[in-house]
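Let's take a walk through this one together, a stop at a time. Have a look at it first.

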Amino acid sequence: MGLKRKRPGDSFTSLEGRSKTPKSTSQRSNRLKDELAEEDARIAQLEKKLGLKKGRKSLPQSFKDDGLDELLGELEDNEVAGSFTKSRNKSEYEEWLARKRGLAEQPTGRSDRDDNTSDSGGDADGHSDVFPSDDDIDGSGSVTDNDSVFNGLDDNDQDVSELDPKEEAPPERIRENPYVAPVASDTGAAKYVAPSLRRAERAGDNAALRRQLQGLLNRLTEANMQGIVRDIEKVYASHPRGQVTAVLVDAIMSQISGTATLSDTFFVLNGGFVAALYKIVGESFGSHVVTRVVEEFRDQYSKAMSMSTGAVGQALPKATSNLVTFLAELYVFQVVGCNLIFDLIRLFMDELSELNTELLLRIVRMGGKLLRKDDPQALKEVAVKLQSLLAAADRHRVTERTRFMVDTITDLKNNKLRAGLQESAVVSDHVTTMKKLIGSLNAKRSISTGPLRIGLKDIDESETKGKWWLVGASYGGGSGFDRSKELSTSLAAEVDSPSEDEDLDRFFPDYVKVAKEQGLKTDNQHAIFAAIAGATDPKDAVNRFQKLSLNKNQRREVAFVLMQAAGAEQPYNPYYALVARKLCSDGRIRFAFQDRLWHVFRRLGESVFEDEGEEEDEDTAIGREDARMANIGRMVGSLVAHAALSIKVLKCLDLSTIKPQTSLLLEQMMTGVFKECRKRDKGKGNESLERCFKDAATSPVLAAGLHYYLGNLKEKDLVVIGGGVAGYVAAIKAGQEGLKVACIEKRGALGGTCLNVGCIPSKSLLNNSHLYHQIQHDTKNRGIEVGDVKLNLAQLMKAKDQSVSSLTKGIEFLFKKNGVEYIKGTGSFVNEHEIKVALNDGGETSVKGKNILIATGSEATPFPGLEIDEKRVITSTGALSLDKVPKSMVVIGGGIIGLEMGSVWSRLGAKVTVVEFLGQIGGPGMDAEVSKAAQKLLKKQGIDFKLNTKVISGDASGEQIKLEVDAAKGGKQETLEAEVVLVAIGRRPYTEGLGLENIGMELDERGRVIIDSEYRTKLPHIRCVGDVTFGPMLAHKAEEEAVAAVEYIKKGYGHVNYGCIPSVMYTHPEVAWVGQNEQELKANNIPYKVGTFPFSANSRAKTNIDSDGFVKMLADPETDRLLGVHIIGPNAGEMIAEGTLALEYGASTEDIARTCHAHPTLAEAFKEAAMSTYSKAIHF
């Protein structure tokens, strides 16, 4: 086979034109010879690359592997309808070539060249590319009608025999009309074979693919299953899907359908592998596997039944047993639905033979528990029928093995299956592992939507109705198949009586998708959901449902659909309850709702009528999420309130021992009943409520259970008093741990002092006032020229309030997210377990708690003789909301709060004086060296200090507030005057109005609640954390205690390291420390070594032009263990976290120094200080 040649110089010019240029003929002839020779060489080279040899009669194998034989055709086919023969093509081409070359060499038209360099002139389609010669073109340059491209050679052309005497002249060529279809040859057209089937007809084409897939199957293990699945995905991507599926199914069946004895773990492995491929590849694979397995089983089962003699102890045919076991595993891994397995069980019940007995026991062993979960009603029917068959059979012919099988299925129905009859622990572990592997497959790659819902009847009737479940199959067209009847039960049939022209597939596309997402799997469930969800109102929904062609058992599924939809939709949608109320007028449907609710109780682990609860399966349609259970409870409550269901639906439960999930459902149900009844009565009495609970009077056990449950309905696992940092953190943590929690807060906004009038708003003012001060005093040397800068105090306060508001709303969202009940009011103890709450909106309520956590926080300590009005005599709360900048301010107390608030108003323009009783600022926890440095820097900013000074009295009666102060150790008395006085002498525990006296709670001399190491008070179920008890009054310390207290309640252990609680003062520069300071070490005679590093030697601090301060470390001189870290400088509050972590894990200063720190950063000063402590700093 040759390549088509491009003919150089083949332009459509007349002979007259050629004869008029004799001088150029010789040149053109030589040029053509060179071009033709070059073309021949190129063709030969390409033919060599393609493996085409001269004289070859067929295509190379590589062409066939690439499918080119379908396009090119076989060279040996000599008669093909509508095409020219090979000899004809060659003759015409050589004739044309000789003529062209002759014309090129001799202008007279005589050809003296015989060129046979080309083996063939056919193109890729087997047709010659015949071009018209110069003689075929008229003087105008156009092709004539009689001498067209397909008209052969002219009479004036030389005879072909002169060019090649050995080759016969081809027969006269018949001209084809391109506008009509080609006429079939006399030999008749060959039978058409679809392209997808052509490769299958050739033996050996699938050998390589079969070897590749068999190799992958041979290497299959649990450890490499995901890798094998990925490899098979690649095979699907590079081969026809149908071909891969066919070969792969053959390979799997060759392993499963043999007569060898296979272990249970082998079936688990292969069943899980098929399930994984079904999830990734989709129904195009799963449907073929299931069909092949079932068809093979029917064949093997028929043979086994014909060979069975009924002898006791007869060996179970291995092929039949293997196939049944494999089908059971496919069911366990949700490749097929339970209807197929129940069809097999019914098939085996036709005759109580030894073979059927063993097959039934095999199914029970591999998937019995799952059958009971998926369709307990069908299992009950099976058990009843087996009992009746056993009673009717000749007892002398019934073997003990058969009796054992019947008892086993009965026990399974009653959820009392003995351990020896269940799958072994090894097999169970393998199943669990395999399910995890399948579940870990990427959800985005998942194609399958659920198990295949086919039965034996579908497969038996496939000859007449077609294999509708098999991807690639088509309708069989049997006379027994009524297509109109099938359509009547399809998804949207008869719902809206659509016309024949309407496309039903476009009618409810979204409803089917939503139904699948909500766990509805069968076609009946999809149809019911589509009818209800697509209705305009509940009445229309009922009409649509009534029009569906469903039998009485299928109609009962509406209870499952509505309960599933109501539980899945967030937030709760009352529409489903309205539809259910109308449908419950039908007694069967009402009973279906009751049965479905009992099924939910079983799934939650409850004992229904003393029948043990079921274990939750990972694919359970109704899950155990709190939101889902709450929605179902509200739906049932609505049905009970409107008499669609009776309160007697709860008679199946022992209400004194229900589980937490069930309690949540019942709580929402009872709440719904009370709300609906109150709404119906509208203040006209309790008629509706009395009617709802009247039915319970006829059942003393239910009445007692309701009385007990309703009496304890408000009891929480944990009641938190206080919604500050400690309180709200404890409430959220308890909610995350699954506890039922209530949090009482009187402020009306969560977050406590810290978030509302403490840490958060003060940091907003500190940050913004620093920016204002920096723009005024520290931009010129940075190259920034600033004009007139004005303070908008109202906007400054608004920015602070916005920050606070967004954070408090965020906590309320977290409460809702974690199921915490938020009660706005003031709580006080009635007794050890009950809290009375005076609601902020008026009224009163109470809440009971198994555990109670006191987290009421602290309040500012007042100064004797000065009445705080939060306008002139203020605390930190008033300092956050002044309506103007005072000209002068005296701060009583040089601790962290006083210095921070003093800094704010000093920057904004007030003249601030700090009066401190001690000899240093910052409180006793601040290192003395750091305290002196901070005082020096703050004094440079304009703040005056009077240390070792006490305030004797104060007078706020005049325009200026007068304070009498005196030296603490004796000295001259003086009077200080200020427009505003800030009292910041500390904070005290807040327990006012808690009613602690009602429970005999113990307090110390400072008003702190006394607790033990697990935060328990003298009453073990009452705990206390935060500022109201011992320890530094810090928000982060309270937060740690809150988490630990909840862990003690839930788990029995918790952790807070009080030696690693950092402290931060957010002035500028910031001051932060953790661990012990130098004066404490001296006082306790603890040896130590010191290392410091100044920020003036830190590159980042220098570039920021903010290099005041230093890092100081204290360490043990022998072990080098870190004892304390003290920082004064930029971002000290952020840097101290590294010191806290090092101290928590017992690091040495060398550990810190040998830890790489990024450059240039302020944290490098931390590293250098560590180097200075254990050795020497590099940059100082």
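How many bridges join strand S8 to strand S9, and do they run parallel or antiparallel? Five bridges join S8 (residues 888–892) to S9 (residues 911–915), and the two run parallel. Strands here are DSSP E runs of at least two residues and helices are H or I runs of at least four, numbered from the N terminus. In S9, Val915 is the bridge partner of Ile892.

Before going on, note that this is a predicted model: local features need pLDDT of at least 70, side-chain atom pairs count only at pLDDT 80 or more, and totals for chains, interfaces and linings use all residues. Residues are numbered from 1 along each chain as its sequence is written, and side-chain values use heavy atoms, with hydrogens and water left out.

Now zoom out to the open sheet, whose five strands come in the order S7-S14-S8-S9-S10 with parallel pairing; two strands pair if DSSP finds at least two bridges between them. At the edges sit S7 (873–874) and S10 (944–946), each pairing on one side only. Helix H38 lies across S8, S9, S10 and S14 (980–983), running at about 165 degrees to S9 (axes are lines fitted to C-alpha atoms, for helices over the stretch in contact, with angles from 0 to 180 degrees between N-to-C directions).

H38 (896–907) also meets helix H35: the buried residues of H35 pack against H38, as well as against H34 (752–757), H36 (793–817) and H37 (876–879). Contact means heavy atoms within 4.5 Å, and buried means under 20% relative accessible area with a 1.4 Å probe, protein chains only. Among the buried residues of H35 are Leu765, Leu766 and Tyr772.

Next, the aromatic rings. The whole structure holds nine aromatic pairs, where rings of Phe, Tyr and Trp (its six-membered ring) pair if their centres lie within 6.5 Å; planes under 30 degrees apart are stacked, over 60 edge-to-face and the rest tilted. Phe297 and Phe348 make an edge-to-face pair, 6.0 Å centre to centre with 75 degrees between the planes. This pair links distant parts of the chain, H12 (residues 283–307) and H14 (residues 338–348).

Note on methods: Buried < 20%, exposed > 50% of the residue type's maximum accessible area, 1.4 Å probe, protein only.
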